[in-house]
Amino acid sequence: MAKESELNDWGRPEYKRADLGELVRGKYAKRIRESTNVVVLDPQVAKVFPNDKAVNEALRRLIRSTRSKLKVRKSKSKTTEKRRAS
C-alpha cells in the first residue's frame with residue numbers, strides 16, 4: 001500500500017493538472033527504442049531460452065559458427081583462384 005504522505009501529496013493545492021500540459025501517450029517511445037539495447041523475443045522463442053545468459057550463449061555459438069564457415073569459404077576460394085592461375 002502507498003505511504004500516506006504519497007497519497008496526501010496529490011491533494012496539495014500546488015499540484016494542478018493544468019500545469020502539466022498536454023499528456024501524450026508514448027511521447028518518448030521512439031527515443032527510448034533507439035537508445036536502448038533491449039530486445040523483445042517472440043513468445044515461442046522466449047520459451048526456449050530461460051534467461052539472458054542462454055540467449056547470449058546461443059548467439060555467441062551462432063557467431064562462431066558463421067565466422068568459421070566464412071573462413072573456410074574464403075580459404076577454398078583462394079585455393080581455387082590459385083589453381084585457375086596455374
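Student: Is V45 buried, partly exposed or exposed?
Tutor: In this predicted model, V45 is partly exposed, its relative accessible area being 34%.

Student: Where is V45 found?
Tutor: V45 belongs to helix 3, which covers residues 43-48.

Student: Which residues form a nonpolar patch with V45 on the surface?
Tutor: The patch consists of V39, L41 and V45, and together these residues have about 240 Å² of accessible area.

Student: Turning to charges, how many salt bridges does the structure hold?
Tutor: There are two salt bridges in the structure. E57 pairs with R61, where the closest N and O atoms are 3.3 Å apart. R64 also forms a salt bridge with E57, with 3.6 Å between the closest N and O atoms.

Student: Which residues are linked in a network, then?
Tutor: E57, R61 and R64 are linked by salt bridges into a network.

Student: Where do E57 and R61 lie?
Tutor: Both are in helix 4, residues 52-85. They are four residues apart, about one turn of the helix.

Student: Why can such side chains pair at all?
Tutor: Side chains of opposite charge can pair when their charged atoms come close.

Student: And E57 itself, is it buried, partly exposed or exposed?
Tutor: E57 counts as partly exposed, with 31% relative accessibility.

Student: What about R61, buried or exposed?
Tutor: R61 is exposed, because its relative accessible area of 54% lies over the 50% cut-off.

Methods. Residues numbered from 1 in each chain as written. Predicted model: local features only at pLDDT ≥ 70, side-chain atom pairs only at ≥ 80, totals over all residues. Heavy atoms only, no water. Patch = residues over 30% accessible without salt bridge, like charges linked within 9 Å, V, L, I, M, F, W, Y side chains within 5 Å. Areas by Shrake-Rupley, 256 points an atom, 1.4 Å probe, with all protein chains shown as cover. Salt bridge = Lys/Arg side-chain N within 4 Å of Asp/Glu carboxyl O. Helix = DSSP H or I, 4+ residues; strand = E, 2+ residues; numbered from the N terminus. Buried < 20%, exposed > 50% of the residue type's maximum accessible area, 1.4 Å probe, protein only.
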